[in-house]
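Trainee: Before we look at anything in detail, could you show me how to read helix packing and strand pairing from a model?

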Amino acid sequence: MAANSVQQLRLRYTAVLKNFVASAQAFDILDTVPPQSEHQQRNDASRSLFVLDSSFNPPTAAHLKIAASALEEARPPSSRLLLLLATQNADKPSKPAWFEDRLVMMTKFAQDLRTHLQSLQLSELPEIDIGVTKNPYFVDKAAAIEESGRYAKDIEQVHLTGYDTLIRIFNPKYYPPTHTLQPLEPFLLRHRLRVTMRPDDEWGNREEQEDYLRQLAQGGREGDGAKREWADRIQLVQGRKAGDLPVSSTRARQAAQTKDELLAALVPESVASYVVSQNLYQE
């Protein structure tokens, strides 16, 4: 993408993001990759909507692996992907990259993801939506997507998360005023979670993470308002293997700040080019 085109894309995102923030909408789709004409119909054949909800600060190779794994398993056109950015986040500040820069990086990430999937010889490539929400909490984001009318009413949302996010989702403190897990029930009746395991010192080994789901299935969280059958709506999948390079947005920002060549291994190629060209994360 030429430099002028990149700047035009950034300016467009600045404008549409400003309109979204000023509107009463809780969720909107700002773009689709590949681009769709104004009168083009959205793909109504999709039965599953994979939702990758992140701060994308920046999008990383780990994000790409999570999304590619889910899409390769499901196969388009039965599925599409939504990259979702919260303009109000419950836990993280909006810096150091502006939201419009993140939206550009999300678009570039989507292009790199489709190129990667093409290399896997998928017969069809998925459409990827670039979306934003004002809701900071998981269940509210899912409800806003469902109520937006932008997707078929019977489409199943499959939220792609890491194990650390699963722990936050099942933390009662995020569900005032009762602080129970009952608000999760409408979501888990209709939708699912696909959780990438994250074995490390902080989150435990693979067996401990699998045991967390077993405890849920055996009624270990009923005191918090959880139901045993919810475990059937949660899929644990293999994460980083021993010896793999640890990848995170934090490490990518540090590499960008120090101009470390490691950045190229931490984020997709087009994202890395944008980070370098725009001197992101230098302050």
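**Reading helix packing and a buried strand**

Mentor: Helix 1 and helix 3 are oblique to each other, a word that applies when the angle is not under 35 degrees (roughly parallel), over 145 (roughly antiparallel) or 65 to 115 (roughly perpendicular). This is a predicted model, in which local features need pLDDT of at least 70 and side-chain atom pairs count only at pLDDT 80 or more, while totals for chains, interfaces and linings use all residues. Residues are numbered from 1 along each chain as its sequence is written, and side-chain values use heavy atoms, with hydrogens and water left out.

Trainee: At what angle do the axes of helix 1 and helix 3 cross?

Mentor: Axes are lines fitted to C-alpha atoms, for helices over the stretch in contact, with angles from 0 to 180 degrees between N-to-C directions; helices (H or I, at least four residues) and strands (E, at least two) are DSSP runs, numbered from the N terminus. Here the axes of helix 1 (residues 3–22) and helix 3 cross at roughly 125° and come within 9 Å.

Trainee: Which residues of helix 1 meet helix 3?

Mentor: Contact means heavy atoms within 4.5 Å. On the side of helix 1 they are Val-6, Leu-9, Arg-10, Tyr-13, Thr-14 and Leu-17, and their counterparts in helix 3 include Phe-99, Leu-103 and Val-104.

Trainee: How do helix 2 and helix 3 pack?

Mentor: Helix 2 (residues 61–74) and helix 3 (residues 99–119) have axes 10 Å apart at an angle of about 50°, and they are therefore oblique to each other. His-63, Leu-64, Ala-67, Ala-68 and Leu-71 of helix 2 meet Phe-109, Asp-112, Leu-113, His-116 and Leu-117 of helix 3.

Trainee: Is strand 4 enclosed or open, and why?

Mentor: Buried means under 20% relative accessible area, exposed over 50% and partly exposed in between (1.4 Å probe, protein chains only). In strand 4 (residues 128–133), 6 of the 6 residues are buried, so the strand is largely enclosed by the rest of the structure. In a regular strand the side chains alternate between the two faces of the sheet. Ile-128, Ile-130 and Val-132 are buried on one side of strand 4, and Asp-129, Gly-131 and Thr-133 are buried on the other.

Trainee: Which strands pair with strand 4?

Mentor: Two strands pair if DSSP finds at least two bridges between them. Strand 1 (residues 27–33) pairs with strand 4 in the antiparallel sense over 6 bridges, and Val-33 stands opposite Ile-128. Strand 3 (residues 79–86) runs parallel to strand 4 and is joined to it by 6 bridges, with Ala-86 and Thr-133 as bridge partners.
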